[in-house]
Amino acid sequence: QVQLVESGGGSVQAGGSLRLSCAASGSFFRLNTMGWYRQAPGKQRDLVASITSGGTTNYQDSAKGRFAISRDNTKNTIYLQMNSLKFEDSAVYYCNADAAVFGPYTYYEYWGQGTQVTVSS
């Protein structure tokens, strides 16, 4: 159906930058909202940023001004540029997508396998 493959995670010092990518592949009619979530050990998975197919973005308060989400609809790919990283940004980052799979109007939610981001202070 839909596979989401993340890349770009890694280790960085506080104040550094990373760029995450998530490419969607498989059989689907269209992708609607896509986004990035993160989950630190012992915590719930929270939205970091999302972007609609039309380019409307939404950010968690802690990401505003530091992170930027973008999207290339021709490649079915989203990106998360993360600047001024902090220790508390350390988490597994998951890509999420709403995809119309069995028809053009019914959407299902899909998740990537996650990519680790570690920020050292």
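Q: Which residue in β8 is the bridge partner of leucine 18?
A: In this predicted model, methionine 82 of β8 is the bridge partner of leucine 18.

Q: And how do β3 and β8 run relative to each other, parallel or antiparallel?
A: They run antiparallel, with six bridges joining β3 to strand β8, which covers residues 77-82 (strands being DSSP E runs of at least two residues, numbered from the N terminus; two strands pair if DSSP finds at least two bridges between them).

Q: Before I go on, what numbering and confidence rules apply here?
A: Residues count from 1 along each chain as its sequence is written, and side-chain values use heavy atoms, leaving out hydrogens and water. Local features need pLDDT of at least 70 and side-chain atom pairs 80 or more, while totals for chains, interfaces and linings use all residues.

Q: Switching topic, how many disulfides does a search of the whole structure find?
A: The search of the whole structure finds one disulfide, formed by cysteine 22 and cysteine 95 with their sulfur atoms 2.0 Å apart (the cut-off is within 2.5 Å).

Q: Left-handed or right-handed?
A: It is left-handed, because the torsion about the S-S bond of cysteine 22 and cysteine 95 is about -80 degrees.

Q: Are those cysteines buried or exposed?
A: Cysteine 22 counts as buried at 0% relative accessibility, and cysteine 95 is likewise buried, with a relative accessible area of 0% (buried is under 20%, exposed over 50%, partly exposed in between, with a 1.4 Å probe and protein chains only).

Q: Last topic, how many aromatic pairs are there?
A: A search of the whole structure finds two aromatic pairs. In one of them, the rings of tyrosine 37 and tryptophan 111 have centres 4.9 Å apart and planes at 70 degrees, so the pair is edge-to-face (ring centres within 6.5 Å, using the six-membered ring of Trp; planes over 60 degrees apart are edge-to-face, under 30 stacked, the rest tilted). Tyrosine 37 sits in strand β4 (residues 30-39) and tryptophan 111 in strand β10 (residues 107-111), 74 residues apart.

Q: How accessible is tryptophan 111?
A: Tryptophan 111 counts as partly exposed, at 34% relative accessibility.

Terms used
Helix = DSSP H or I, 4+ residues; strand = E, 2+ residues; numbered from the N terminus.
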